[in-house]
Structure formats: C-alpha cells, structure tokens
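Hello,

Here is the structure I said I would hand over. My notes on it follow below.

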Amino acid sequence: AKQIVLIAGRNLLLEKAVTFDGVQVNSDDFVEARAAARTSDRIMYRDTERGLRYLVKEGETRIVSERATTSARALAMGVLLDPSYAFPLPIVGLNYLDFEFRGQPDTQFALLFAGVLAAGNIQRPKLGGTSLDASLDFFAIAAPSSDRVYGEGGERDAERVLTWPLTAGLNVGWQYTPFQKLQGHYHLRFDPFVRDTTTAESFVLPSSTVTSGLGASWEYRRGGYSFLSNATWFGRASWEPWGLPGADVEPPRRTYARFSAHLSKDIFLDAFSKIHFNGSYFTSRHLDRFSRYQFGLFDDTRLHGVPSSGIRFDEVGMIRGAYSFNIFEQYRLDVFLDQAWGRDHAVARDWQPITGVGMAVNLRAPWNTILRADVGKSLLPNRYDDVGSTVVQIMVLKPLK
C-alpha cells in the first residue's frame, strides 16, 4: 500500500506491507477472545461503511469513534548549548498544531514559539482539487549569534560580527506520480549585522540586507529510497564592500547560487529498529563568507556536534548514518555517526574532514511530559580548535488539553 503524507509542506511517501498470520476462522474460543479484547486497554478498530474507525472504550463497552483530532498544543521548555551563542539559549514557549486551520479541513498550521525563536509552517494540499500543494515557512530568532571567521592561524577576532537572520519561504509542489514530485520555491531572508565585542573599529560591516532566492527541486521516493536534487539562485538587494581596510578581502557579489543532491535509504530491522543512511553533496557558485554552507540546527547540512556558525565551506560532501530503537514513540534511542568533507576556496583548495557523533533519547517523564535530549560531539580541522565542538539540546514537552 502507498500513502502520501504531507508534513510541513514536504511530501513523504509511506509504503506499507502488511502480513497476516495465525488467522483462525470461526475458532471455538472466538466469542471469549473478542470479549477479552473489548474489556482490555488495547487499541481496536472496526471496519465501517465509512472506512476504518477506532473502537474506543466508554465505560465497560466499546463504541465507534468519529471524533478526529483537529489540534494539539504542548508547552515547550528547554535549552540549547551551542558555541555560536555567548550563553545557553533558553527555549520556553508553545508548540501548536492545527489540522483545520481557519476552518479549512485540508489546511494545516504548525508553530513553535519558544521565546527567543519562532518557527512555523502553513500548508495546503490539493489546491483546487489538483495534484498541486503549497506551503509557507517562516523562522525568526531574537538572540544574536556570533558569526566568526577562521584562517590558517585560527580565528580572526577583529572580523567577528553579530547577526540574527529572519527567513520566510513559499513552496509550490506538483506530485505528478506517486513516486515523483517537482517543487518550485521562493526564499526571502533578512540579515542584520552589528559589531561584536572583539570587532575592530576599522572593520567595515557588511550591509544589512534583504536576500531573495528562486529555485526548483525534484524528488523521487520508492522502496525505502529517496533521491532529492535542488538548485536555487539568490540575489541581495544591496551588498557594499566590507572588511578590514587594505585587507585582501573577497569582492562583493550581490548574486550567488547553491546546488545539492541527496540520496537516502531506510532499512527496518524489525518492528522497533531502523537504520538510516544518507549521502549528500552541496556545491555552489560565487559564495562568500556570509553565504557559504554552515551547519545550523535547521540546515540540511547539519552535523552532530558542529556549531551553527564559524565553520563554513563552498563545497560539502557528507555521509550520515543513524540507528533508531523506537517503542511506539514513547521511548526512543537514536545513535548518529556523521562524516563530512568540505572545501573553503578562500582558504585552501584541499578537502577538510569533519566527524560528528551523537546520541538522542526520547522518553516519557513525570507529570505527563516528554523529555528529549540530543548531544553531539565533533572532531574539527585544526584551525577550528577554539570554536567548540559540543552541541546539546534538551527539551521537555507538556501536552495541553
């Protein structure tokens, strides 16, 4: 069986193979077995004229439930430890999901508002009854991160700046076969730049500017394999010369482009265990310090243990693997191993290796809460010795009625 699931504006192809065994027709103990199942707390279904429905307990009996969950809310509390920020980043806010946004049964809205940051998505499948879908993404953060630059001798403190980007994106997709999808996307980003405590007075700051991006992607998913290719062209509204006077800095470029390709495979060992493999390649044209690939928490290039700022490349190749042990999303253990190679054309033409390892746990906690902890440690090239190589995220979710 094939089912397409739309999550945060991205289509996921769910392929299922169901095998029935131990089937008994009109067994002698059928009535007793059915009665025992109905009085238990096990999940039961009934096949009705309107499709499969939950057969839920109400007192000592079971009734068919037609009530669908239309929204979910949870308190989100936690902390992010990332060397890119001068202090632990507190996360206190609300995680909200609405499956019938503004009364539209097919429109979904997701929001994480966590005090210092906000991330969300609005999506609508089957526009006008067609195979087209659309989604709108947005992300904002109030806490500035320290954008650092490194040369062969380590960090150049005099060129450090503070920034906190605001981004939004519009995506329109066409699912033209069950396995293939074309998508066009538009990105809008605002980058403000201010001085950090170590920034030299003579350092000319980059222009705080708006950047627009227009791109397309193609994806193919089948048999547990997933291939995705993407190309996006960007243009800055303004981009004046910046840097230290007299230094050999890169010429300012208002336009640049990014290209990427990804191949992934999921292998299910049993009902609870899964191995995930991913190979990705990122390349570009005309990138500079502030547009090169980095390794942020929400980036496609994320590596466990690598800070979200300071380490940047024009080209990146990576292989990532993960093992997951998951018991009905109540208790989960993930182990990660990442290996990447990057080239920064402004520093050296050779490939620099980066290794990341990590572990995450997800479990039920007291007072009906869910605890999620993610720890990553990385091995970085020598010139990044001072940047820090441990990233920790701890989250507690408290479902609300």
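Met77 stands opposite Val92, a residue of S7. The two strands concerned are S6 (residues 71-81) and S7 (residues 89-98), which pair in the antiparallel sense over 10 bridges. Strands and helices here are DSSP runs numbered from the N terminus, with at least two residues (E) for a strand and at least four (H or I) for a helix. Two strands count as paired if DSSP finds at least two bridges between them.

Before the rest, some ground rules. This is a predicted model, in which local features need pLDDT of at least 70 and side-chain atom pairs count only at pLDDT 80 or more, while totals for chains, interfaces and linings use all residues. Residues are numbered from 1 along each chain as its sequence is written, and side-chain values use heavy atoms, with hydrogens and water left out.

The chain as a whole

Of the 401 residues, 39% are buried; buried means under 20% relative accessible area, exposed means over 50%, and partly exposed lies in between, with a 1.4 Å probe and protein chains only. The chain exposes about 22500 Å², and carbon and sulfur atoms supply 60% of that area. Accessible areas come from the Shrake-Rupley method with a 1.4 Å probe, and for residues only the protein chains shown count as cover. Among contacts (heavy atoms within 4.5 Å) with a separation of 6 or more, 52% join residues 24 or more positions apart.

Asp98 stands opposite Phe109 in S8. Strand S8 (residues 108-115) is in turn joined to S9 by six bridges, again antiparallel, and these two strands form a hairpin with one residue between them. Gln108 has Gln123 in S9 as its bridge partner.

Strand S9 (residues 117-124) is mostly covered, with six of its eight residues buried. S9 pairs with strand S10 (residues 132-141) over eight bridges, in the antiparallel sense. One of the positions involved is Ala119, whose bridge partner in S10 is Phe139.

The S3-S4-S5 sheet

Three strands form an open antiparallel sheet in the order S3-S4-S5. Strand S3 (45-48) and strand S5 (61-65) are the edge strands, each pairing on one side only. From one strand to the next the twist averages 40 degrees; axes are lines fitted to C-alpha atoms (for helices, over the stretch in contact), and angles run from 0 to 180 degrees between N-to-C directions. Four bridges join S3 to strand S4 (residues 51-58). Thr48 stands opposite Gly51 in S4.

Nonpolar cores

Which residues have the most contacts inside the largest nonpolar core? They are Phe295, Ile311 and Ile354, in a core of 18 residues. A nonpolar core is a set of buried Ala, Val, Leu, Ile, Met, Phe, Trp, Tyr and Cys residues joined through side-chain atoms within 4.5 Å. Not counting residues up to four places away in sequence, Ile354 touches several residues, including Phe295, Leu303, Val306, Ile311, Phe313 and Asp338. A second, separate core has 14 residues, among them Ala114, Ala143, Val391 and Met395. In soluble globular proteins, nonpolar side chains tend to be buried together.

Ser207 sits in the loop between strand S17 (193-195) and strand S18 (209-222). Ser207 counts as buried because its relative accessible area is 14%. Its side chain reaches the backbone nitrogen of Glu240 at 3.1 Å. Leaving aside neighbours within four places in sequence, Ser207 is in contact with Asp191, Phe193, Ser238, Trp239 and Glu240.

Phe259 lies in strand S20 (residues 255-268) and, at 23% relative accessibility, counts as partly exposed. Phe259 and Arg285 are 26 residues apart in sequence, with their C-alpha atoms 8.6 Å apart in space. Arg285 is also one of the residues in contact with Phe259, as are Trp233 and Tyr293.

Is Ser260 buried or exposed? It is buried, with a relative accessible area of 13%. The side chain of Ser260 makes a polar contact with the side chain of His262 at 3.3 Å. A polar contact is a pair of N or O atoms within 3.5 Å; within protein, one must be able to donate a hydrogen and the other to accept it, and residues adjacent in sequence count only if both atoms are side-chain atoms.

Regards
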